[in-house]
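Me: Please take a close look at one part of the model shown below, starting from its place along the chain. Then set that part against the rest of the protein.

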Amino acid sequence: MKKVLPFLFFNILLVNAAFAQKVIKGVVKGEKGSPVPGATISLRGSTNHAIADNKGQFSLTTYAPLPLVLGVTSIGFAPREIEVTEQNLGALEIILTVDNRQLNEVSVTARRRNEKIQNVPIAISVVRGGVIEDAGAFNVNRVKELIPTVQLYSSNPRNTTLNIRGLGSTFGLTNDGIDPGVGFYLDGVYYARPAATTLDFVDVEQIEVLRGPQGTLFGKNTTAGALNITTRKPSFSPSATAEVSYGNYGYIQAKASVGGAIAGKLAGRIAFSGTQRDGTIYNVSSLNYVNDINNIGARAQLLYTPSERVSITLTGDASQQRPEGYAQVVAGVVKTQRADYRQFDNIIADLHYELPSRNPFDRLIDHNTTWRSGNDLGGVSLNVDAKLGGGTLTATSAWRYWHWDPSNDRDFTALPVLTLSQATSKHQQWSQEVRYAGEFSSKLSGVVGVFVIGQDLKTDPVHIEESGAAQWRFSQNSTSELWKTPGLLEGYGIRTTSRLQTLSAAVFGQLDWAITNRLHVLPGLRYNYDDKKVDFNRQTYGGLETTDPALLALKKAVYSDQAFLANTDNTNLSGQLTVSFKASNNINTYATYSTNYKPVGLNLGGLPTSDGQPMLELAEIKPEYVQHFEVGIKTTPSASSTLNLAIFNTDIRDFQTQVQTAELGVNRGYLANAEKVQVRGAELDGNIRFNDHFSLFGAVAYTDGKYKSFKNAPVPLEETGGPNTFKDISGSRLPGISKWTVTLGGEASTGGKFLGQGGRYFLALDGYYRSEFSSSSSPSPYLNVDGYALFNGRLGFRAVKGVSLFIWGRNLFNKDYFEQLLVAGGNAGHYAAVLGDPRTYGVTLRYNFSPAN
């Protein structure tokens, strides 16, 4: 916290930094004279805008000469344009007429200002608060079913991969030594740990998903895209919501929020969410269901508005998970190229063991090590917005923590092979971002900013992996009788202490030059500095105490000591150029070329060995360089429909990937560079509202990702034990990418009353399909996940104010499917699966209080 205080002080100094220009003031009302809060008032031909407050009042500052034209929009009202002259400059009264057929126009803040999504020359999708509220337990795993090019793979919160268009983080297993390629932002704060994506969202207003490299608009550089999440802000009007849901598998979820004025210029908001559900996998050894849900989270905000031009928001949040999960089931057994005595079925036969089931969808395990996934995240942030001239100066200071306390059964059996696998960790980050977004002249607007983040990740206090009595049979690599020595490997393990310290800083900016009202050129630049230090020390312990060189050699073949230091710093200049042309009021086109960069990676999972010595040259891997091309067209065929198309090509040099090795001591695999990777594809999305009663949305994505050159990749599982340790897999497809993904959904509704209150009865259905994909870094026919389709639905009554009640169901047809396949430690031939949830259903009761206008 000591590092944060200077930045908090810096933010407060911004409060008095505002200065006045030409100010337009007014009020927005409906036809009956009631105010229209939240209306967007935009200056035509620029990005300058204002939002009406709870009384419908607004204030907008501009450089533009009079007369000028304002555009006014609000959901449920027909848009209107009004001319501003010297006579009405400070006393505008704007009346909007109701138009229920108008498509709900989505506004986004991805370019650090409020604007219509169809006007943004970026491939961007939005999930709005209403969808989030109606979907039950909601996190990024649900987002991927609504936005086809988002992929989330999680075998536990630490080992979580968040990708967009198949790129971002290493597939399958996480290595802490590299930066995520997809940025995760919540209210302007960058979350460095992927574990944040597994928690339930608390009080979320909107989720924006930006596809493609993002480096000139956001603080942290990201090579594949960003999730820009905003929560509901404090308001001076009182509001409260309460919600409870019940479902099968003992599902219970409770949510609540309350907000309003505390004093004349001080408002607050508090929100809470808690979710519990019984497990969906049965452990026949412990006689207990595992993979349950046990989540809780809270968020509190204070808003201080010392003047109309300045707002200060202080936010604190804390979330935790305490499930008995994330257990995986054995999904299959592969015959490797090792000798017969080293095949999985022969090993377990010698140990007089059999799996509880060979059908993974029986959902049975017999694991003898407790599954635990203690996941804690939280932090505090201070955000200051000060209107300066034609824009806003924003400063965001933040400090965050992540605590990880796991226990895993990495052999996936009841045998005492790996009795401990625990990578307890603590992480802290602090960050500061200062940016200005606004209008520099009547033709020029943009964003310019600086960003600094420091991180400290360390073991807490050590990472442990320990063998049991059956380890000798899985590790046996010769017919020597010495392997049968009693107690040779029992209790033998490794304790690792490591610390990773990083400092990243950047200056970034993007301009929007309106050459004409229809033709815009948007150049952007970013300069990065990254410094990383790692201290890694792994020591063996336990097992049979002996001085026999032959027995010591056997032990060393399983685990060995490793220690290394690495210190690296890098600089990089990247950027982008976009040309946007609005062919008509209903057609917006754009073309983008961008370069991007991911800094040097440092291995933190252990290094493979060569002739018994660690390969220290793999401690550090090269930075990743990205070249990206994209063209898109956004159309609004009618006031109640949109249809958008994006086509892209991304080439990456020195692609950072996580690869699996047969060496047991290389925990969770190790990092490597693939020389060249290419991902290309096309995305089509749209929605339409036919009338007041029916709406439809859909998206389809084609994605083709391959290694153009990866000459030194580890062999796939079935080739373990063959003549080669590495393999040229150039031309093979990247893991985790389905060539086709499709989302389709819609809603039918009609007005009515329930318990004497007005609202709408509705039926909503949505479906998600993805074709098969590889679940192995080195492609294997045994580790492909079959394609699958999921269907969800909701039926009930929805009210803006008062009581809402609806029933819901997910995976309505109870589809059995894998989310991911994982090779067991040591490559004995068996592999496990992360199972998708079975059919779940329940009922939700919600009460929403808001004062009358």
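Reply: Tyr326 lies in the loop between strand S23 (310–321) and S24. Strands here are DSSP runs of E with at least two residues, helices are runs of H or I with at least four, and both are numbered from the N terminus. The model is predicted, so local features need pLDDT of at least 70 and side-chain atom pairs count only at pLDDT 80 or more, while totals for chains, interfaces and linings use all residues. Residues are numbered from 1 along each chain as its sequence is written, and side-chain values use heavy atoms, with hydrogens and water left out.

The peptide bond that joins Gly325 and Tyr326 is cis, with omega at about 20 degrees. In general, most peptide bonds are trans, and most residues other than glycine have a negative phi.

Thr336 has a relative accessible area of 5%, so it is buried; buried means under 20%, exposed over 50% and partly exposed in between, with a 1.4 Å probe and protein chains only. Leaving aside neighbours within four places in sequence, Thr336 is in contact with Gln343, Leu717, Glu718, Thr720, Asn827, Ala828 and Gly829, where contact means heavy atoms within 4.5 Å.

Another cis bond runs from Asp460 to Pro461, with omega near -10 degrees. Pro461 belongs to strand S29 (residues 444–467).

Two residues other than glycine have a positive phi. Asp203, with phi near 60 degrees, sits in the loop between strand S14 (189–190) and strand S15 (204–211). Its relative accessible area is 14%, so Asp203 is buried. Asn814 has a phi of about 55 degrees and is placed in the loop between S49 and strand S50 (818–823). At 34% relative accessibility, Asn814 counts as partly exposed.

Rings of Phe, Tyr and Trp (its six-membered ring) pair if their centres lie within 6.5 Å; planes under 30 degrees apart count as stacked, over 60 as edge-to-face and the rest as tilted. By this rule there are 23 aromatic pairs. In one of them, Tyr251 and Trp808 have ring centres 5.4 Å apart and planes at 80 degrees, so that pair is edge-to-face. It links distant parts of the chain, since Tyr251 is in strand S18 (residues 251–263) and Trp808 in strand S49 (residues 802–810), 557 residues apart. Tyr251 counts as buried at 5% relative accessibility, and Trp808 counts as buried at 10%.

Tyr702 and Trp740 form a tilted pair, 5.0 Å centre to centre with 55 degrees between the planes. This pair also links distant parts of the chain: Tyr702 is in strand S41 (residues 694–709) and Trp740 in strand S44 (residues 740–754), 38 residues apart. Both count as partly exposed, Tyr702 at 27% relative accessibility and Trp740 at 42%. Elsewhere, Tyr185, Tyr190 and Phe218 form one aromatic cluster.

Ser59 is found in strand S4 (residues 57–62) and, at 22% relative accessibility, counts as partly exposed. Not counting residues up to four places away in sequence, Ser59 touches Val23, Ile24, Lys25, Ala50, Glu308 and Lys387. Ile41 is 18 residues from Ser59 in sequence and 9.2 Å away in space, C-alpha to C-alpha.

For the protein as a whole, there are 6 helices and 52 strands. The radius of gyration is 28 Å, close to the 29 Å that the globule rule gives for 853 residues, so the protein is as compact as a globular protein of that length. That radius is taken over C-alpha atoms, and the rule is 2.2 Å times the number of residues to the power 0.38. Along its principal axes the C-alpha trace spans about 100 × 60 × 50 Å. Of the 853 residues, 58% count as buried. Among contacts between residues at least 6 apart in sequence, 70% join residues at least 24 apart.
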